[in-house]
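Please keep the sequence and the model in view while reading.

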Amino acid sequence: MAPHPRALSTHHLVLLLTVAAVTTQAATTDAAAPAPTPRAAESRSSTGSSFLRARCATTQYQTLCYDSLLPYASEFQTSHARLARAAADVAAAHLRALSTRVKGILHRHGSEPAEGTGGGRPSEAAALRDCTSTISAAANLVRQSSAELDRLDAAPTAAASGSGGRSSREARWEVSNAKTWLSAAMTNEGTCTDGLEEAGATASPAGKEVTAGVVSVKQYTSNALALVNGIPL
């Protein structure tokens with residue numbers, strides 16, 4: 001026999017009321033749940049900044065080290081390799097910017113008389129051309145250092161991660177390469193200023209601008225090298 005229509009309607013009504021009550025309770029629970037707080041992110045950032053301050057204390061240009069790398073604190077946190085890589089990346093960016101600036105200065109000198117025609121300082125133009133080359137090469141060397149540190153960070157040593165990790169010997173090799181590239185970059189930076197001095201161009205407006213730029217980028221490179229030297233192996 002078919003169910004009575006009124007009984008069927010009552011059954012459906014009870015079912016609908018039950019579903020509505022459950023839905024309302026779930027919505028109320030979601031609304032009452034506290035929103036996630038940035039406390040965890042703040043804690044990581046605080047840890048990274050404290051670590052950074054301690055590591056920058058080992059560099060020659062401590063304030064510059066801290067101020068230039070603080071924006072990346074949440075990325076490296078307490079990793080020596082990541083911190084050193086961030087420092088190398090910052091140094092490379094400043095070197096690229098200086099290389100572009102020197103090229104612009106050299107372009108302005110393009111209208112000067114060529115060597116032997118008199119009325120200009122061809123030796124200064126030659127020194128600026130050399131600076132363009134050496135600073136660009138320094139930027140490439142620092143990028144190579146960053147790549148070595150990236151490989152070091154991507155594969156922890158076997159001692160730290162158990163079997164399958166990179167050997168301590170390989171880690172030392174990568175750190176050694178990073179040091180070599182950064183040291184070579186600093187040599188290139190010095191070659192630029194030495195060339196300007198030999199050309200007697202350090203007193204000219206162009207020479208002063210380039211020299212000041214090299215002094216600035218050399219501080220970033222020096223800090224990066226100091227931080228690589230501090231990587232525990």
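## The largest cavity

The largest cavity is lined by Cys65, Ser68, Leu69, Ala87, Val90, Ala91, Tyr220, Asn223 and Ala224, where a cavity is a set of points on a 1 Å grid over the protein atoms alone at which a 1.4 Å probe fits but cannot get out, and a lining residue has an atom within 4 Å of a point. Its volume is about 50 Å³, a volume being the space filled by probe spheres set on the points, with grid points joined across faces, edges and corners. The count of cavities of 30 Å³ or more comes to one.

Helix 3, helix 5 and helix 9 each supply at least two residues of this lining; helices here are DSSP runs (H or I, at least four residues), numbered from the N terminus. The lining divides into seven nonpolar residues, two polar and no charged, with Ala, Val, Leu, Ile, Met, Phe, Trp, Tyr, Cys and Pro counted as nonpolar, Asp, Glu, Lys and Arg as charged, and the others, Gly among them, as polar.

## Basis of the values

This is a predicted model, in which local features need pLDDT of at least 70 and side-chain atom pairs count only at pLDDT 80 or more, while totals for chains, interfaces and linings use all residues. Residues are numbered from 1 along each chain as its sequence is written, and side-chain values use heavy atoms, with hydrogens and water left out.

## The nonpolar core

The largest nonpolar core has 52 residues, of which Leu69, Val142, Leu149, Leu196, Val210 and Val228 touch the most other members. Such a core is a set of buried Ala, Val, Leu, Ile, Met, Phe, Trp, Tyr and Cys residues joined through side-chain atoms within 4.5 Å, and buried means under 20% relative accessible area, with a 1.4 Å probe and protein chains only. Helix 5 provides the largest share of this core, 14 residues.

Not counting residues up to four places away in sequence, Leu149 touches Ala81, Ala84, Arg85, Ala88, Ala178, Val228 and Ile231, a contact being heavy atoms within 4.5 Å.

## Aromatic residues

The structure holds one aromatic pair. Phe51 and Phe76 form this pair, which is tilted, at 6.5 Å centre to centre and 50° between the planes; ring centres must lie within 6.5 Å, and planes under 30 degrees apart count as stacked, over 60 as edge-to-face and the rest as tilted. The pair links distant parts of the chain, with Phe51 in helix 2 and Phe76 in helix 4, 25 residues apart, and both Phe51 and Phe76 are buried.

Trp173, in helix 8, is exposed, with a relative accessible area of 57%, exposed meaning over 50%.

Conventions. 1 Å grid on protein atoms, 1.4 Å probe; cavity = no way out; pocket = protein on both sides within 12 Å on 5 of 7 lines; lining within 4 Å. Phe/Tyr/Trp six-rings, centres within 6.5 Å; stacked < 30°, edge-to-face > 60°.
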